[in-house]
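Dear colleague,

Please find below the structure for your records. My notes on its interfaces and domains follow it.

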Amino acid sequence: MASRRVVSRLQGHVKPVLSLDSTEAHRRVLNLYRAWYRNIPVILNRFNLPIDEQMAKNKLREMFYRYRNVTDIRVIDILVIKGNMELTETVKGWKQECHVMAYFKDTHNPKPKDFISKFLSGHDAE
Amino acid sequence: MDTLKFGDLVGVDKYGNKYYQNNYYFYGKNRWVEYNDKVFFDYDASQVPAEWHNWLHYMTDDPPTTNPRVQYKWMIDHTENFSGTNRQYVPYSTVKQKITQWQPKDGQKIKYNVK
Amino acid sequence: MLRFVAASCKRTANNPSCVVWLKECRRHARTSGSKQQQTSAAQETKPKLLEVFIDEKKVLVEPGTTILEAAAMAGVEIPRFCYHERLSVAGNCRMCLVEVEKSIKPVASCAMPIMMNGMKVKTNSPMTKQAREGVMEFLLMNHPLDCPICDQGGECDLQDQSMAFGSDRSRLQVELDPKRAVEDKNIGPLVKTIMTRCIHCTRCVRFMNEIAGCEDLGTTGRGSDMQIGTYLENTALLSELSGNIVDLCPVGALTSKPYAFTARPWELRRVDSVDVLDAVGSNISVCTRSGDLMRILPRENDAVNEEWLADKSRHAPVDGLKAQRLTVPLLRPSKSSQLQMCDWEDALLAVGRALNGIQPSRMEAIVGPFVDAETMVVLKDLFNTIGSENVYLHVDSDLDKSCFPSSKDLDFQKNYLFNTSIAGLEDGVDLLLLIGTNIRFEAPLVNARIRKAWRNNLINDIAVIGENGLDLLYDYEYLGDSTKVLADIVAGKHKIVDRLKKAQKAVVILGQQILKKDSDSNAYEMVRALCDKYGAEFNLLHANASTVAAFDLGLKPSSERKTDNSDEQSLLWLIGVDDENLTIPNNSFVIYQGHTGDICANTADVILPGSAFTEKQGTMISMEGRVQQTLAAITPPNMAREDWKIVRACSELANYPLPYDTLLEVRERMQQLAPHLTRHSNRKLEKPSLRPPPISSVSAQSPVSLLPRMKSLVDYWQTDAISRCSPTMSKCVLSTKKEFDKRGIKY
């Protein structure tokens, strides 16, 4: 019965990755968020990071909010899968301090284009 | 340490670590240290000062309480191993700079913080 | 024969009667020589070519060509140590032995002229090979095995040739016949000697005697006791060309002292560049290792420096550009405060504010001796956009400004170039008149060229007006030091006038470093008038590398600055200007841009760190008008930038943005201004065709003596910002003074 419902819902649509509808996807996102949230103290302790919990929580929030405009369920699912992989790698210690700190890296500035910014940055090779 | 043990308090060092002995245990387990409560989980074997290290590792049977180490004025205080903390030693270049900067003639000295 | 006379002539030059006699001798030899030539030319219109067979290969050569030269024509290289194209033939190393058919013994090919037809030379026969192996074995027998610690290692002729032509074993038994050891000699702070390594090729001796004209080096003893040295234990070679013997030495006996043990040739990256320490425009290659300037070597260019390089050009930049550098922008927040380190933004903003807030007519820019043409173009464009015409070329305040061309003379290139060209000095000059110059130190390689022509009897009549008793390395007639002599010549009252009139090609060289006297000498006008009257070639001997480019671009000499005493705010932009007595207007905002902090940097309100000639690509124009470019060998240190970019950046912040962002665009602009400035060529020289109108009358002046700034070798070493910062050059000054004191020569 259920399988027929799925088939009917998907007629004319593409194959789902994990979630069948946006509620399910939303649930998965929230679950991932919680999992990260709970693991923040563990991560901080494990890697001896020079940041406090509040900063880590803000960063977590920021990383999730970065994709707030994503509406495609399949994309959301892929992002959730990737987020889970990241979490596993972090918590199991497959990452090292520098990899975790990469989340906190400043944004990359675009390469200077006009003369004066090239001059000031010292990247003035032509 | 991390186990339930009973023993006699032999002494306390200046960092607040307590040293115990109970010869009822096997040799090798009969001397132990309980680190200062302040360090909590951040205990490390390098927090034991040298004179207690001697006693703890059976290099001597006289603890520093009964047989204190001779003190000289050139001796510096014991420090733990700072590796992995922000007080760790970072090697730096001691090579003379290849290019020297100009200093004005009027006696002032410009501080160059050059990369 | 002639060569011998010329060499011995110099050797005995201290004895006046001898000089006269020898001069007569040379004159006679010259005239008789030319007579012979004439008669032989009458007999056969073109010299008969002789056939030679080098390894069965036929070559046609003129009679008198040596076998070695003939082999080179056939494309066969014969190994050699003592032979050098620019030196006389010694024939003492015996490495160039070849088998010649019908000759019992092998023949030294460098000294064997081809005189008969059909000579058959075998450069690859067993006899030749055996002869080479034998010579090599003898050379190596007394040569130390210290290649791993020898500075010549990797660029050593002995290493290379023993690999290529030597035997794989030696019969030397050290226990029976110990190796020769020779004490090292101290010959000054530039050349390091390890005399045990010497193979007695005598290239250094011949160079010093023939080209450098400093007959301090020589050989003593014979056979295995032979030694190269200064006979009198001199502790310095009194020459400005002594660095070249390091390049000449085929082994590691003479190596560069400042460069000792610093790098290996295979680690170095070579970048072709042009020297800027004098106006000759010598071709150099800059050797760097991992962003560090290691040494400077001459590059061969027959038209300019042949293959030599003056010592200051060779050694001063290597350590001079590592001391006292301006590496970060500095800013003086207010007049009373001190210079502080700042960011480029702050410095540029300060400059931009000043350029906006100050009246254009009260702005001045002065460029110094090492500035490239690109920077001058950008600077001039910026000032012209703002509305100021005051862009000047710096003229030292110690110097007589009336020996420089004034801005009205700059319309014609012929008015300020070295018109004869350096190579032209060897081309049939009948009379050479040097005025107010110590050419030996102002342009050592031009002087070497004159000496070469003099030695080859191509210039036989040299006269000097200026300092008395200058040691110019050749004989000359001293006419006096005053402008009165000049006036007499112009008026036709002087004894040299006859010779001037008779001469097919008379060359007059006016120095540009004549010391200032109470009144102007008006030397420039007088010499121009002299040249116009007698049809002599007019030459200016510039002292600074930037001068010709500045004149080409229409920069005025800074002696034409008009400074007043008003307290109105003014702006002075100095690019690499170093002058103790520079007039800085009251209430002036001084911008100093340059690579080395020197005298004028102390007065600056903003310091903009520029780059040296080794760190940027820039157009330099030599005194003869040769357009060449320097290439960047290393990056500018720390926050320093290329000079034209600094000016360009300032223009942006002053809201007068200039319309070019890249070097190519700047050069396009340069092409609009002066098309020849973008035609870089080390070989070709474009000569100006426009002839300036002749000068008819010269205003009479009271006689002034024309004395050059540099008198002796002591003055030569440290003349500019780069060489003043160089520890090697200070050592040279000390050792030269010591040597002068020892010999009792006044300096």
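How much area is buried between chain C and chain A, and what percentage of it do carbon and sulfur atoms give? In this predicted model, the buried area comes to about 1,000 Å², and carbon and sulfur atoms give 68% of it. Three residues, C:Arg641, C:Lys645 and C:Glu652, supply 47% of the area that chain C buries against chain A, more than any other three residues.

In terms of contacts, 13 residues of chain C touch eight residues of chain A. No salt bridge is counted between chain C and chain A, while two residue pairs are in polar contact, both at pLDDT 80 or more. On the side of chain C that touches chain A, α9 (344–357) and α17 (643–653) each supply at least two residues. The largest share, six residues, comes from α17(C). By class, that side of chain C holds six nonpolar residues, one polar residue and six charged residues.

The interface of chain B and chain C comes next. Here 15 residues of chain B are in contact with 22 residues of chain C. The two chains bury about 1,500 Å² between them, with 55% of that area on carbon and sulfur atoms. One salt bridge is counted between chain B and chain C. The side chains of B:Lys98 and C:Asp292 meet in a salt bridge, at 3.9 Å from N to O. Six residue pairs of chain B and chain C are in polar contact, both at pLDDT 80 or more. The side of chain B that touches chain C is made up of six nonpolar, four polar and five charged residues.

Within chain C, the domain assignment gives domain 1 (50–135), domain 2 (157–321), domain 3 (364–401 + 548–673) and domain 4 (419–541 + 701–711). I looked at the pairing of domain 3 and domain 4 of chain C in some detail. Taken over C-alpha atoms, their centres are separated by 32 Å. Eight residues of domain 3 of chain C are in contact with 14 residues of domain 4 of chain C. The area buried between these two domains is about 970 Å², and carbon and sulfur atoms give 50% of it. Of the area that domain 3 of chain C buries against domain 4 of chain C, C:Leu399, C:Asp400 and C:Met623 supply 59%, more than any other three residues.

Three salt bridges are counted between domain 3 and domain 4 of chain C. C:Lys401 forms a salt bridge with C:Asp520, in which the closest N and O atoms are 3.6 Å apart. The side of domain 3 of chain C that touches domain 4 of chain C has two nonpolar residues, one polar residue and five charged residues.

Finally, two annotations of chain C come from an unreviewed UniProt entry. UniProt lists "domain: 4Fe-4S His(Cys)3-ligated-type" at residues 127–166 of chain C. Over residues 127–166 the chain is 60% helix and 0% strand, and the end C-alpha atoms lie 13 Å apart. UniProt also places "domain: 4Fe-4S Mo/W bis-MGD-type" at residues 268–324 of chain C. Over residues 268–324 the chain is 18% helix and 35% strand, with 25 Å between the end C-alpha atoms.

With kind regards

Terms used. Residues are numbered from 1 along each chain as its sequence is written. Chains are lettered from A and ligands numbered from 1 in the order in which they are written. This is a predicted model: local features need pLDDT of at least 70, side-chain atom pairs count only at pLDDT 80 or more; totals for chains, interfaces and linings use all residues. Side-chain values use heavy atoms; hydrogens and water are left out. Contact means heavy atoms within 4.5 Å. Buried area is the accessible area (1.4 Å probe) that two parts lose on being put together, summed over both. A salt bridge is a side-chain nitrogen of Lys or Arg within 4 Å of a carboxyl oxygen of Asp or Glu. A polar contact is a pair of N or O atoms within 3.5 Å; within protein, one must be able to donate a hydrogen and the other to accept it, and residues adjacent in sequence count only if both atoms are side-chain atoms. Helices (H or I, at least four residues) and strands (E, at least two) are DSSP runs, numbered from the N terminus. Ala, Val, Leu, Ile, Met, Phe, Trp, Tyr, Cys and Pro count as nonpolar, Asp, Glu, Lys and Arg as charged, and the others, Gly among them, as polar. UniProt positions are given in the numbering used here, feature names are shortened, and annotations may be inferred rather than shown by experiment. Domain bounds come from an automatic or database domain assignment.
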